[in-house]
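Dear colleague,

I am handing over the structure we spoke of, and below it you will find what came out of going through it. Please have it open while you read.

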Amino acid sequence: MKIGFVGLGIMGKPMAINLIKAGHEVYGFDFNQSSLDALTAAGGHTVASGKDAAQKGDIVITMLPNSPHVKAALFNENGIAEGLSAGQTVIDMSSISPVASKEFHDKLKELSVSFLDAPVSGGEPKAIDGTIAVMVGGDESVFEQYKDVLQAMASSVTLVGEVGAGNLTKLANQMIVAVNIAAISEAYSLAKKAGVNPSRVYEAIRGGLAGSTVMDQKSQKIFDGDFTPGFRIDLHIKDLQNALDASHSYNVSTPFTAQAMEILQVLKAHDYGSDDHSAIARYYELVNGQKLQ
């Protein structure tokens, strides 16, 4: 299948390369030349605009930072919408506001173009090895038509509801991840202060009820003080802001998410916004005056 792919960043580039490995013909667009060069080296094609990507592809996938970026990529001059034809489909894999997803769906429907919101979870390592989790919102028949395309990049692909449901599910994921990292960091801080080795605590509890994928993936980074970004704090701030906005729209109380957001804001103020979100542990180091390494 011919696929236009707009947004070849930390996540988008390996995802596009995995589509090429699966035998698809990928036409990529990004403002970063090195990303375009990497796509070409992997056997893909580059184009000069979102409009060109839409004209070359049977479908278009977008993977961009936030709602305003997706809106611009879709509807600005030389954007994707200008190159779309009736019957095509846009699959937005960005993590954005579910309200924005519904807005984009409605506007594209006027062009007789289908839309799926399909945000992902797993970070850069899973994007590289093709094992991200994809949560999809949209029409079931459209989902079934392109499920195989999504599976070329993922270990799990799940339809969770109508348009917007994918991003609402992603926000739930990000709420849980942020609070989980904060909880394990808080527990390790208590252990360290009490003279107990945090890594021994991890080994003792990881197989019990407190164990989690987050604990397994982030604990060693915390113990090593290695906060090389797989998923940056700045991006998690964006996701939690969308989650808080959604919670206010639906009149839902989310106090743990609000507290996690305050922790992330402290870290951003200390210039840690480009660190991996496992650097939430730095907050506890700052307030408790001790390193966890």
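The accessible surface of the protein chain comes to about 13,100 Å², of which carbon and sulfur atoms hold 52%; such areas come from the Shrake-Rupley method with a 1.4 Å probe, and for residues only the protein chains shown count as cover. Please bear in mind that this is a predicted model, in which local features need pLDDT of at least 70 and side-chain atom pairs count only at pLDDT 80 or more, while totals for chains, interfaces and linings use all residues. Residues are numbered from 1 along each chain as its sequence is written, and side-chain values use heavy atoms, with hydrogens and water left out.

Of the 293 residues, 51% count as buried, meaning under 20% relative accessible area with a 1.4 Å probe, protein chains only.

Lysine 218 counts as buried because its relative accessibility is 12%. Leaving aside residues up to four places away in sequence, lysine 218 touches Ile181, Asp276, His277 and Ser278, where contact means heavy atoms within 4.5 Å.

Definitions and conventions. Buried means under 20% relative accessible area, exposed over 50%, partly exposed in between (1.4 Å probe, protein chains only).
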